[in-house]
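Keep the sequence at hand as you go.

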Amino acid sequence: MSTISDEELTKFGIQFRDETMHPFDPGVEWWNESWFWDWYNDDGSVAGHCRVGYFPSQKRGWIWFHLYVDGEWIVVEEPRLPLADFQTPRIAYQGWGLRLVYDPIEPLRRGRFRFEGFGRVTAGRRVGMMLPVAAALDVVSIGAPHSTGRNNVPGHISDEFDACRFEQPVTLSGEIHVDGKSIPFDGRGERDHSWGPRPWNMEWTFFALNGDDLRVMCVQVKLPGMSGPISVGYINRDNSQNLTQVNYDLKFDNNNVLQPIAGHIDVVAEDGSTFGGKLEVISAMEIDITHTFVPPERPIYRRALVRVHPDDGSKPLLGWAEFNYFLK
C-alpha cells in the first residue's frame, strides 16, 4: 500500500484525474496518449517492459511487451491495432490472442496490470519460437509522479489541448508466466503516462533506476535544429526533486544488440546532491518504431536492462536505459 501524501503526489502538477485518457486534438496526426510499465527483480534475471499507445487521429493503437527471463527475450510487437478494438476510455484491449488491462485502483497510488499473449523468442536458447506469455502484477507507487509541467515541453505543446507526461517509480509484485511456467515476481520499476503531440523524429537517451532507498530518472532529448539537448529528470530519496544537471559519457555499439551501450552517468539535484555511476548492461533488445517516421526508416532504438554501480561504492541500482538515434 502506498503511503505517499496527496501533497507529495501532486507536487509536480499531476492530478489524480490524469490517470485516465485526455481530450485530443483531431487536427494533430501524431497526437499520442500512452502508458508504459517496466520491472525487474533484484538480480536482474527477470525483467519486462510493456507499452500501450493510442493514436486517435490515426485510429490505431499499439501494444508492445518485452519479457526477459534467464537470458531469453520474448517479444510481442503489435503497432497496427484498430483503435476501435480498444476498450476506451479504459486502458484495455482484448482480441486476436492478445489481452491487456490496467486498472488504476487508487489513482497515482496503485493499480493492477495484466497481460496475455504470444511472443517470439528473439534471443536465447529457444530463439525463433513462439511462446505464450503473461503477467499479473500489482503496481504500487513509491514516489511522486514527476512532470516538468503542462504544455511547456518543446515538440509536445498544444495551443488548445492539455499536453503533459509523467514518470513515477513503483514496486511490482505478482506472477510472470512463460510457456506454462509460473514465476513469482517481486521487484521494482518505473511507469509513464504521456499525452499530446509526439514528434518521433528526435533523439533521446533515458535512464530509470530504482534501488532500496534511491530512485533516479534522467533523460536528454535533442530535437531537429537544436544546438544542444534538453535535460530533465528527478531524484527520489525521502521525497522527489527535479534534476538541474544531467551529464552522460556514453559509447554506443550499433552492431551489438545485446550489449549496445557503455559508459557513465552523472546527475545533480536541486538541493545540490549528486549521483553518478558506471553502467553494466545485463542484456538489451531492439524495438520497432520504423512506422512512426515519414517516410519510414530504421533508427537505433533499443532498451537495455542495466545495473549502475554508484561512484560512492554503495549498492548498485537496477533499471532500464532507452535510447534512440539515427544512422548518419
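**A walk through the strands**

Asp249, Asp266, Asp311 and Asp312 form a patch of negative charge on the surface. A patch here joins like charges within 9 Å, using residues with over 30% relative accessible area and no salt bridge; nonpolar side chains (Val, Leu, Ile, Met, Phe, Trp, Tyr) are joined within 5 Å. Asp and Glu count as negative, Lys and Arg as positive; His and the chain ends are not counted. Each charge is placed at NZ of Lys, CZ of Arg, CG of Asp or CD of Glu. Areas come from the Shrake-Rupley method with a 1.4 Å probe, and for residues only the protein chains shown count as cover.

This is a predicted model, in which local features need pLDDT of at least 70 and side-chain atom pairs count only at pLDDT 80 or more, while totals for chains, interfaces and linings use all residues. Residues are numbered from 1 along each chain as its sequence is written, and side-chain values use heavy atoms, with hydrogens and water left out.

Asp266 sits in strand 15 (residues 261-269). Strands (E, at least two residues) and helices (H or I, at least four) are DSSP runs, numbered from the N terminus. Asp266 counts as partly exposed, because its relative accessibility is 30%. The classes are buried (under 20% relative accessible area), exposed (over 50%) and partly exposed in between, with a 1.4 Å probe and protein chains only.

Now turn to strand 8. Is strand 8 enclosed or open? Strand 8 (residues 130-141) has nine of its twelve residues buried, so the rest of the structure largely encloses it. Strand 7 (residues 110-123) runs antiparallel to strand 8, and eleven bridges join the two. Two strands pair if DSSP finds at least two bridges between them. Glu116 has Ala134 of strand 8 as its bridge partner. Six residues lie between the strands in the hairpin of strand 7 and strand 8. Gly124 in that hairpin takes a positive phi near 120 degrees. Strand 9 (residues 164-178) is also antiparallel to strand 8, with nine bridges between them. There, Ala135 stands opposite Ile176 of strand 9.

Next come the charged pairs. How many salt bridges does a search of the whole structure find? The search finds 22. A salt bridge needs a side-chain nitrogen of Lys or Arg within 4 Å of a carboxyl oxygen of Asp or Glu. Glu106 and Arg110 make one, with their closest N and O atoms 2.6 Å apart. Glu106 is partly exposed, because its relative accessibility is 27%. Arg110 is partly exposed as well, at 28%.

Asp162 and Arg150 meet in another salt bridge, at 2.8 Å from N to O. Both residues lie in the loop between strand 8 and strand 9, so the pair ties together parts that are twelve residues apart in sequence. Asp162 is partly exposed at 25% relative accessibility. Arg150 is partly exposed at 30%.

Asp212 forms a salt bridge with Arg188, and their closest N and O atoms are 2.6 Å apart. Asp212 is in the loop between strand 11 (203-210) and strand 12 (215-222), and Arg188 is in strand 10 (residues 181-197), so this pair ties together parts 24 residues apart in sequence. Asp212 has a relative accessible area of 49%, so it counts as partly exposed. A network of salt bridges links Asp42, Arg188, Asp212 and Lys315.

Phe252 lies in strand 14 (residues 240-252). Its relative accessible area is 34%, so Phe252 is partly exposed. Phe252 and Phe323 are 71 residues apart in sequence, yet their C-alpha atoms are 9.8 Å apart in space.

Last, look at the backbone. Most residues other than glycine have a negative phi, and most peptide bonds are trans. Thr88 and Pro89 are joined by a cis peptide bond, with omega about 5 degrees. Pro89 is in the loop between strand 4 (72-82) and strand 5 (91-95). Val294 to Pro295 is also cis, with omega near -5 degrees. Pro295 is in the loop between strand 16 (274-286) and strand 17 (300-310).

Lys59 is not a glycine, yet has a positive phi of about 55 degrees. Lys59 lies in the loop between strand 2 (46-55) and strand 3 (60-69), and is exposed at 62% relative accessibility. Asp70 also has a positive phi, near 50 degrees. Asp70 lies in the loop between strand 3 and strand 4, and is exposed at 57%.
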